[in-house]
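Here are some friendly notes to read alongside the model. Take the points one by one, and keep the viewer open as you go.

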Amino acid sequence: MDCPAGPEGDLRPLQNPGVLGPRRNMNRKILKLENLLRFHTICRQLHSLCQRRMLAQWRHMFSSAYAVHTAQLYTRPWQTDALLRAALSQRRLLVTKKEKRSQKSPLPSTKSKKEVEVWLGMTVEELARAMEKDIDCVYESLMNTAIDIDSLETHSRLDEVWIKEVIKKSGMKLKWSKLKQDKVRENKDAVKRPQADPALLIPRSPVVTIMGHVDHGKTTLLDKLRKTQVAAMEAGGITQHIGAFLVSLPSGEKITFLDTPGHAAFSAMRARGTQVTDIVILVVAADDGVMKQTVESIQHAKDAHVPIVLAINKCDKAEADPEKVKKELLAYDVVCEDYGGDVQAVHVSALTGENMMALAEATIALAEMLELKADPTGAVEGTVIESFTDKGRGPVTTAIIQRGTLRKGSILVAGKSWAKVRLMFDENGRAVNEAYPSMPVGIIGWRDLPSAGDEILEVESEPRAREVVDWRKYEQEQEKNKEDLKLIEEKRKEHQEAHRKDREKYGTVHWKERSYIKYREKRQQQPLKPKEKLERDSNVLPVIVKGDVDGSVEAILNVMDTYDASHECELDLVHFGVGDISENDVNLAETFHGVIYGFNVNAGNVIQQLAAKKGVKIKLHKIIYRLIEDLQEELSSRLPCIVEEHPIGEASILATFSITEGKKKVPVAGCRVQKGQIEKQKKFKLIRNGHVIWKGSLISLKHHKDDTSVVKTGMDCGLSLDEEKIEFKVGDAIICYEEKEVPAKTSWDPGF
């Protein structure tokens, strides 16, 4: 069968059209490969041709022998042009295909830099979290910088320059955070009403505070006035907390008395009593005269701008000298009427009741001169005198009403607590329906326990009361936040300063030495051994204080605030509160290895058994200075014992000589015992011209030539010391003494 000639004379049989499709793609790939190979070959030929042309030109310049050969090369320019055309053709083909491919795959969009929100004082951990990176990324960015990487911790704060450096090296964009300004809340606090119209004011009873030194007869005097046995009910005859009482006189006049404690421990409460009082009765004993707390009482009255009535008590005693008291008070600007002043002085005897009515009349006369008036209408205003928690009635307050009339159902706000008055009672526990200005009253219905001294204001509804309390809590929280921020800023500055000093300290030190220093510092910060921890804990006294009323606890804390012997033993107030001692108090004391002090509170049998099981001390007291004395003893027990020297005998040196023992000479002192006796087993000291120049023991003690252990008064002896270098001199004294350990006492003086 004849086969037609294929292209270029290739004699191949014609293929079946049905099989051309699958092979066409294969032929295209083969053709593409041939084109690439042909392009590569053409490039190689062009490169070779260019090299030959340059070589021919170089030879033409230096030798004519190559002229014929060079001419032959230039006689065929068509070869070069053909090759160039073929190469350019293949190059255009490949470039066109590459452009088509690039058009099919779009270019990736350029990514924008990530924005990181930062702020001043960021820690390493906070910066890594903001960047959404690992902490190691921050460390890597700060390598080869001036900052000491070794000193950086996760909680270390970074300066502004290092924050910028980390963001820059991480390829991110920095954005400073703006502090979010909280929306300013509207002031929702309750405030006093404006001054009332003088036409609406009516006379009111005076509020009188009795002040003076302890044991000068304040409570006994008040007892005579109100015909009750308050002093007999008080523990030890001493008033323990503020009480308010209304006394009706035979003339029909009424006086409200604030019975403040005459103890230095309650100076703060006494000052609070003068803030609501109109007149101060200053009680001074005619036999004792002006004492420390008398002066404090005068100062409190002056600070509150309250007039004074002087009650010179115990005038029935034989040693009483009222004129001496008046003269002593002149030094404190308390000038009695007898000396041309304006202070009324009444000579009384609280024990016999002498001149009690004269004192009451003097008080009423002064009140009339003051023209005391109040507005009995409108919202109630008053002051909390004391507050406590009653088991059956909940939070209870004693208050003095200063404006308005208090009735059952009234809504009151005091401090950060509010109440709907459920019950009111007088000083005798009788229920009352209304309380007028200057009237003391007990109030039940408080949601929380207000503090003594808080201002009482009446509001229109319970939602309004909650609003006021919420605002006051918010205001307190804002103040606390400001203080916390200030403290944090101070701590941050301290940390930065310490960090800077560490960098300066380690900056010039070799890395090996730096590692050793840090290792040594870390060893010093290791936890204490059990023995060391016991020694440290023994020098700390954790204390829990529980009292019957808010004022009592406050007074005890005020005394503890005067503690100034922390260098001896640290006093740590762990917790304080109002009410009986509970299981939580015992658990807390066990945790801190502390002592529980209770004042006028109880600890049930179950609580005491639990405390005994856990080794917790519970100390209950009903007189405040007994509690403070107990606290002083507990502090003293934590102190190391003091070693005291007790002399046994004394001898004077009359002569000195030396004896030979073996190959060495031993100095010996010839002495005569002047006092007591000398015992060889005790300790000795050598005194010269009033100075101790040696302390130690004796090697030998002889009477004549015999060894002895005791030499008594008037006897001669010879002795040698355990220190050979000490030289004796005639006239020196030898003291024989023994050491005894004596319990130490704290140097803290609470002032009474």
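1. Let us begin with a term: accessible area is computed here by the Shrake-Rupley method with a 1.4 Å probe. For this chain, the accessible surface comes to about 45,300 Å², and carbon and sulfur atoms hold 52% of that surface. Please remember throughout that this is a predicted model.

2. Now the overall picture. The chain has 752 residues, and 38% of them count as buried. Its secondary structure comes to 19 helices and 31 strands. Among contacts with a separation of 6 or more, 70% are between residues 24 or more positions apart.

3. Look next at helix α6, residues 160-169. Which of its residues are buried? They are W162, I163, V166 and I167. Seen down the axis of α6, these buried residues fall within an arc of 135°, so they line one face of the helix. Just after α6 comes G171, with a positive phi of about 70°.

4. Where do helices α7 and α12 stand relative to each other? Helix α7 covers residues 218-226 and helix α12 covers residues 356-370; their axes come within 10 Å and cross at roughly 90°. Because of that angle, α7 is roughly perpendicular to α12. On the α7 side, L221, K224 and L225 make the contact, while α12 brings M356, L359 and A360. Sorted by class, this contact has 5 nonpolar residues, 1 charged residue and no polar ones.

5. Two backbone angles deserve a look. Most residues other than glycine have a negative phi. N355 is not a glycine, yet its phi is positive, about 65°. You will find N355 in the loop between β9 and α12, and its relative accessibility of 35% makes it partly exposed. H593, also not a glycine, has a positive phi of about 55°. H593 sits in the loop between α17 (583-592) and β21 (595-599). Is H593 buried or exposed? With 56% relative accessibility, H593 counts as exposed, since the cut-off for exposed is over 50%.

6. Helix α16, residues 550-560, is mostly covered, with 9 of its 11 residues buried. The buried residues are D550, G551, S552, V553, A555, I556, L557, V559 and M560. Keep I556 in mind for the next point.

7. Finally, find L627 in helix α19, residues 624-637. L627 has a relative accessible area of 3%, so it is buried; the cut-off for buried is under 20%. Which residues does L627 touch, leaving aside those up to four places away in sequence? The answer is I556, Y597, G598, F599 and H621. One of these, G598, is 29 residues from L627 along the chain, and the C-alpha atoms of the two are separated by 8.4 Å.

Note on methods. Residues numbered from 1 in each chain as written. Predicted model: local features only at pLDDT ≥ 70, side-chain atom pairs only at ≥ 80, totals over all residues. Heavy atoms only, no water. Helix = DSSP H or I, 4+ residues; strand = E, 2+ residues; numbered from the N terminus. Buried < 20%, exposed > 50% of the residue type's maximum accessible area, 1.4 Å probe, protein only. Contact = heavy atoms within 4.5 Å. Axes fitted to C-alpha atoms, helices over the stretch in contact; angles between N-to-C directions. Parallel < 35°, antiparallel > 145°, perpendicular 65-115°, else oblique. Nonpolar A, V, L, I, M, F, W, Y, C, P; charged D, E, K, R; others polar. Arc of directions from axis to C-beta.
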